[in-house]
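Please look over the sequence and the structure shown below before reading on. The report then takes up a few topics in turn.

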Amino acid sequence: MTPSKPVPSSTMPTLFVPHGAGPCFFMEWNPRNAWDATAGFLKGVGASLPARPKAIVLISGHWLQPTFNTTSAARPGLIYDYHGFPPHTYELRYPAPGDPQLAARIAALFEGAGLASQVDAQRGFDHGMFIPLKLMFPDADIPVVQLSLRSDLDPQAHIEAGRALRTLRNEGVLIVGSGMSFHNMRGYGDPRFAPISDEFDSWLTTAVESAPQQRDYALQHWAKAPAARLCHPPRAEEHLLPLLVAAGAAGDSIGRKVFSDRVMHTTLSAYRFG
């Protein structure tokens with residue numbers, strides 16, 4: 001493995017975290033302990049960082065737009081974009097402030113990189129944002145800007161979007177990709193998908209932990225990986241693409257798997273760069 005280049009201790013890593021199934025961490029599940037390990041991992045993220053983030057840029061697998069959009073409201077509301085869950089899960093709160101100046105800065109970075117983008121003062125935070133962040137930073141006192149995926153789902157474009165953001169890491173901004181390393185709705189709970197998810201997870205981990213140039217090339221061509229389309233069906237890879245943004249923002253920082261668990265017969269993993 002190629003060692004990471006030395007970086008200032010205040011430079012933030014970039015992360016890809018599993019955000020679970022709807023509001024799974026805040027309700028009873030069957031089995032009851034299904035999400036306990038993932039919740040424990042998310043709760044430990046803050047203590048693993050070199051410093052308290054000055055702001056967070058979170059890329060959610062639940063927001064797709066023709067361009068890379070960013071939330072720009074000072075006080076975004078919440079979007080309860082899950083269905084059929086207990087009533088109390090629609091009363092969850094996460095009153096984190098937005099950061100209009102950071103949103104404008106991101107738009108300028110995208111413009112400089114030749115990537116079309118827009119700021120959105122009306123969009124709230126979806127559950128791909130507030131569910132994991134309620135565990136990671138429960139005080140909700142760190143400004144957050146949410147970034148959309150691009151609806152064409154082009155892998156290279158999402159890596160390039162991450163590259164446009166990487167200078168923010170030196171300014172104390174934590175970049176988080178929020179998705180799932182396995183996301184085939186028909187596969188959850190099906191024991192036949194256990195070896196399938198393992199095969200893709202093994203490939204994905206090798207890709208992430210490769211030297212940056214090899215890593216980015218592998219992730220650009222992720223659909224050719226073993227079992228890739230069984231784990232992320234065609235036109236439904238939106239839960240994997242936040243990882244590509246996180247990898248692009250990593251620059252020369254080496255990635256590594258920092259968490260993995262078997263949930264509903266599938267392997268789910270988290271990755272950190274830097």
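What follows is a report on a predicted model, arranged by topic.

## Aromatic pairs

A pair of aromatic rings is described by the distance of the centres and the angle of the planes. A search of the whole structure finds 13 aromatic pairs. In one of them, F25 and W35, the ring centres are 5.9 Å apart and the planes stand at 80°, so the pair is edge-to-face. F25 and W35 are both placed in the loop between β1 (14-18) and α1 (36-43), so their pairing ties together parts that are ten residues apart in sequence. F25 counts as buried because its relative accessibility is 15%, and W35 is likewise buried, with a relative accessible area of 3%.

Another aromatic pair that is edge-to-face is formed by F182 and F193, with 6.0 Å from centre to centre and 75° between the planes. This pair links distant parts of the chain, since F182 belongs to the loop between β6 (173-179) and α6 (193-208) while F193 belongs to helix α6, eleven residues apart. F182 is buried, with a relative accessible area of 1%, and F193 is buried as well, with a relative accessible area of 12%.

## An aromatic cluster and a charge over a ring

One aromatic cluster is made up of Y80, Y82, F85, Y90 and F130. Elsewhere, the ring of F26 has K134 lying over its face, at 5.5 Å from the ring centre.

## How helices pack

Helix α1 packs with helix α4 (residues 127-136) at an angle of about 70°, and the axes of the two are 7 Å apart. Because of that angle, α1 is roughly perpendicular to α4. The contact brings A39, L42 and K43 in α1 to P132, L135 and M136 in α4, and its residues divide into five nonpolar, no polar and one charged.

On the side of α6 the residues are W203, L204, A207 and V208, and they meet R215, A218 and L219 in α7. By class, this contact of α6 with α7 has six nonpolar residues, no polar ones and one charged residue.

## A mostly covered helix

Helix α5 (residues 155-165) is described as mostly covered, given that nine of its eleven residues are buried. The buried residues of α5 are P155, Q156, A157, H158, I159, A161, G162, A164 and L165.

## Backbone geometry

Most residues other than glycine have a negative phi, and most peptide bonds are trans. Against that background, the peptide bond from N30 to P31 is cis, with omega near 0°, and P31 is located in the loop between β1 and α1.

Two residues are noted here for a positive phi. R235, a residue other than glycine, has a phi near 65°; R235 is found in the loop between α8 (228-231) and α9 (241-250), and at 56% relative accessibility R235 counts as exposed. M264 is not a glycine either, and its phi is positive at about 50°. The place of M264 is the loop between β7 (255-263) and β8 (266-273), where M264 counts as partly exposed because its relative accessibility is 24%.

Is E91 buried or exposed? At 56% relative accessibility, E91 counts as exposed, and E91 is found in the loop between β3 (68-71) and α3 (100-112).

M12, in the segment before β1, counts as buried at 1% relative accessibility. The C-alpha atoms of M12 and R166 are separated by 9.7 Å, although M12 and R166 are 154 residues apart along the chain. When its neighbours within four places in sequence are left aside, M12 is in contact with P50, A51, R52, P53, R169, G172, V173 and L174.

Conventions:
Residues are numbered from 1 along each chain as its sequence is written. This is a predicted model: local features need pLDDT of at least 70, side-chain atom pairs count only at pLDDT 80 or more; totals for chains, interfaces and linings use all residues. Side-chain values use heavy atoms; hydrogens and water are left out. Rings of Phe, Tyr and Trp (its six-membered ring) pair if their centres lie within 6.5 Å; planes under 30 degrees apart count as stacked, over 60 as edge-to-face and the rest as tilted. Helices (H or I, at least four residues) and strands (E, at least two) are DSSP runs, numbered from the N terminus. Buried means under 20% relative accessible area, exposed over 50%, partly exposed in between (1.4 Å probe, protein chains only). A charge sits over a ring if NZ of Lys or CZ of Arg is within 6 Å of the ring centre and within 35 degrees of the ring normal. Axes are lines fitted to C-alpha atoms, for helices over the stretch in contact, and angles run from 0 to 180 degrees between N-to-C directions. Angles under 35 degrees count as roughly parallel, over 145 as roughly antiparallel, 65 to 115 as roughly perpendicular and the rest as oblique. Contact means heavy atoms within 4.5 Å. Ala, Val, Leu, Ile, Met, Phe, Trp, Tyr, Cys and Pro count as nonpolar, Asp, Glu, Lys and Arg as charged, and the others, Gly among them, as polar.
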